[in-house]
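This report considers a few local features of one protein chain. Please examine the sequence and the structure shown below before reading on.

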Amino acid sequence: MSHDHSLNPETMPNNPEKATLEGKNKFLGFWFFLGGETVLFASLFGTYLALRNATADGPTTNELFGLELVFIMTVLLLTSSLTSVYAIYHMKNNDYRKMTTWFIVTIVLGFTFLGCEIYEFNHYIHEYGFTFSTSAFGSAFYTLVGFHGGHVLFGLLWMIALLVRNAKRGLNLYNAPKFYVVSLYWHFIDVVWVFIFTVVYLMGKVV
């Protein structure tokens, strides 16, 4: 079966990501996937809230967290969400080059975020001796924040795979839904980070 379905400005539909039945099915299936991911993260948040004070004489949230780095990480991730919006905007306008450019910017911002997170974890371990096994709080913190970081890495590798695989194909009705879905996934993990920033870091400093 051929998946050529090449686009051009004259025949391009307004919403190429949903122009085919296959594209609509990808979109629908992705929402079911996000439903499961939402339940999973809700469970991790609930576990963290239940264990955040179980420090076992280890460092507390107020002692550990500094908001300066976390604020920078939040700006990086929210900015990457905006750049992915630009990528999809250019996809809808059948400009593959500009779409690729904005996805690359998104990838760079995402990896910068991950670099900051690795630095943060390393700081906690070496400065405070705060590890996964230090306390129940440590286990809950690293599981929640680390699991989100794993999702960020997966999203970045997903984007890279799409860009590499379709570098010579350009944009068509077969791959347009894939680019659209990866952008939705990226927005999802950005929203999850906003909750982490609020529930873990802000509440950790003020509550």
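In this predicted model, helix H3 is followed by Asn94, a residue whose phi is positive, near 60°.

Glu37 belongs to helix H1, which covers residues 21-51, whereas Glu63 lies in helix H2, which covers residues 61-64.

Is Glu37 buried or exposed? Glu37 has a relative accessibility of 10%, so it counts as buried, because the cut-off for a buried residue is under 20%. Glu63 has a relative accessible area of 46% and is therefore partly exposed.

| Side chain | Partner | Distance |
|---|---|---|
| Glu37 | side chain of His151 | 2.3 Å |

Which residues does Glu37 contact, leaving aside its neighbours within four places in sequence? They are His151 and Phe188. With the neighbours within four places in sequence again left aside, Glu63 is in contact with Gly58 and Tyr128. Glu63 and Tyr128 are separated by 65 residues in sequence, while their C-alpha atoms are 9.2 Å apart in space.

Note on methods. Residues are numbered from 1 along each chain as its sequence is written. This is a predicted model: local features need pLDDT of at least 70, side-chain atom pairs count only at pLDDT 80 or more; totals for chains, interfaces and linings use all residues. Side-chain values use heavy atoms; hydrogens and water are left out. Helices (H or I, at least four residues) and strands (E, at least two) are DSSP runs, numbered from the N terminus. Buried means under 20% relative accessible area, exposed over 50%, partly exposed in between (1.4 Å probe, protein chains only). A polar contact is a pair of N or O atoms within 3.5 Å; within protein, one must be able to donate a hydrogen and the other to accept it, and residues adjacent in sequence count only if both atoms are side-chain atoms. Contact means heavy atoms within 4.5 Å.
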